[in-house]
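Here is a short tour for anyone who likes to look at backbone angles, ring geometry and packing. Please keep the viewer open while reading.

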Amino acid sequence: MTRTRIAAAFAAAALIGLTGCGANPGAANNAGDDFPKKGKSIELIVSFSSGGAVDTAARLVQPILEKELGTNVEVVNKPGAGGQIGYTQLTSAKADGYTIGATGSPSVVVSPLDPARGAKYTRDSFQPLGRQVIDPTVIAVQPDSQYTTLKELLDAAKAEPKSMTASTTGLQTGEHFALAQLQETTGAEFAPVHFSEGASQATTAFLGKHVDILVANVSDVTDLSKQGKARVLGVMTAERAPSLPDVPTFKESGYDVEAGTVRGYSAPAGLPDAVATKLEAAIQKAIEDPTVVQKMEDLGLQTSYLSGKDYQEFWASQEEDFKKVLPLVQKAD
């Protein structure tokens, strides 16, 4: 079954995260001494709007990168098309180390696999520098919703297909895949509404009651739940999220669904070895910095570092898995 393949891929991601922590990209102290040149800034492209989890993580690592690299690192938001606009700009940049970007799957993995998307890049257009986190998917309703359990919500969505709207952060993103998995596994069918600028846009729509259901990541809803602005009904992972201890997993509720977003950092392919080594070392320092790790935990995220090489291998394995499940989202709408 396709849903078991994608669940296995997500479970494998978590396992790799555990075994990959503490890996060392093998940076040599003197490698890339002429990079970056004095006074020349590095641009860190975020392919989604400000305020979402991708943007927040990038701004957390930014000051550490500046300290390690000895130059300014500017976070630049390039939202749209479910990340495709930013990924296009990243891969079109010169491979000299002065342009890097936040990359998240499924979006970065899947967009070049569907010819209809017209992506100008492939997996080989990116040079992975390091993985940071795995962020499980959740489903939430308004705090005053009539639905108090996951079963109640899914039963209603089965009884009246597409009667409720549900947010995604764009076509063929993690939330879109999650909705397709839900439909395949449970028969519950929601009407997806794609907010291609990212999680902050989707959350704003949910808070304004323009969509019925918020499909998001743990990091997007932790504060909303604490503030009483959303009722989270389930987490799509094997174990409960530490930041949402009272929210059952889908499996606890009787549904075999696991999904989430994997995030890291990449550069355009073809970096000089010395530059790649220096960037990877700085990114590892930033991701594993105790303050950054703690702030990520405050968002409900467990740091899951992988070196550039291991992140590249993980990315390749994801590509093979998502090729098999892409039809789920292509037929979902």
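Lys162 has a relative accessibility of 41%, so it counts as partly exposed. In this predicted model, Lys162 sits in the loop between α5 (150-159) and β5 (165-168). Its phi is positive, at about 60 degrees, although Lys162 is not a glycine. Gln172 also has a positive phi, near 60 degrees, and is likewise a residue other than glycine. Gln172 belongs to the loop between β5 and α6 (174-186). With a relative accessible area of 6%, Gln172 falls under the 20% limit and is therefore buried. Such angles are worth a look because most residues other than glycine have a negative phi, and most peptide bonds are trans.

| Residues joined by a cis peptide bond | Omega |
|---|---|
| Phe35 and Pro36 | about -5 degrees |
| Ser105 and Pro106 | about 15 degrees |

Pro36 is in the loop between α1 and β1, while Pro106 is in the loop between β3 and α4 (107-110).

Now to the rings: the structure holds 7 aromatic pairs. In one of them, Phe35 and Tyr98 have ring centres 5.1 Å apart and planes at 65 degrees, so this pair is edge-to-face. Phe35 lies in the loop between α1 (2-20) and β1 (42-46), and Tyr98 in the loop between α3 (84-92) and β3 (99-105), so that the pair links parts of the chain 63 residues apart. Both Phe35 and Tyr98 are buried. Another pair is formed by Phe126 and Trp315, whose ring centres are 5.2 Å apart with planes at 40 degrees, so the pair is tilted. Because Phe126 is in strand β4 and Trp315 in helix α11 (residues 308-330), the pair ties together parts 189 residues apart in sequence. Phe126 counts as buried because its relative accessibility is 3%, and Trp315 counts as buried because its value is 2%. Phe126 and Trp315 also belong to one aromatic cluster with Tyr87, Tyr121 and Tyr311.

Charged side chains meet rings too. Lys40 lies over the face of Tyr98, at 4.2 Å from the ring centre. The charged end of Arg131 sits over the ring of Phe314, 4.9 Å from its centre.

Which residues does Ser266 touch? Leaving aside residues up to four places away in sequence, its contacts include Phe126, Tyr311 and Trp315, as well as Leu90, Thr103 and Pro128. Ser266 is placed in strand β9 (residues 260-268), and its relative accessibility of 0% is why it counts as buried. The side chains of Ser266 and Thr103 are joined by a polar contact of 3.0 Å.

Asp289 caps the N-terminal end of α10, with a side-chain oxygen 3.0 Å from the backbone nitrogen of Thr291. Just after α10, Gly300 takes a positive phi of about 95 degrees.

Terms used: Residues are numbered from 1 along each chain as its sequence is written. This is a predicted model: local features need pLDDT of at least 70, side-chain atom pairs count only at pLDDT 80 or more; totals for chains, interfaces and linings use all residues. Side-chain values use heavy atoms; hydrogens and water are left out. A polar contact is a pair of N or O atoms within 3.5 Å; within protein, one must be able to donate a hydrogen and the other to accept it, and residues adjacent in sequence count only if both atoms are side-chain atoms. Helices (H or I, at least four residues) and strands (E, at least two) are DSSP runs, numbered from the N terminus. Buried means under 20% relative accessible area, exposed over 50%, partly exposed in between (1.4 Å probe, protein chains only). Contact means heavy atoms within 4.5 Å. Rings of Phe, Tyr and Trp (its six-membered ring) pair if their centres lie within 6.5 Å; planes under 30 degrees apart count as stacked, over 60 as edge-to-face and the rest as tilted. A charge sits over a ring if NZ of Lys or CZ of Arg is within 6 Å of the ring centre and within 35 degrees of the ring normal.
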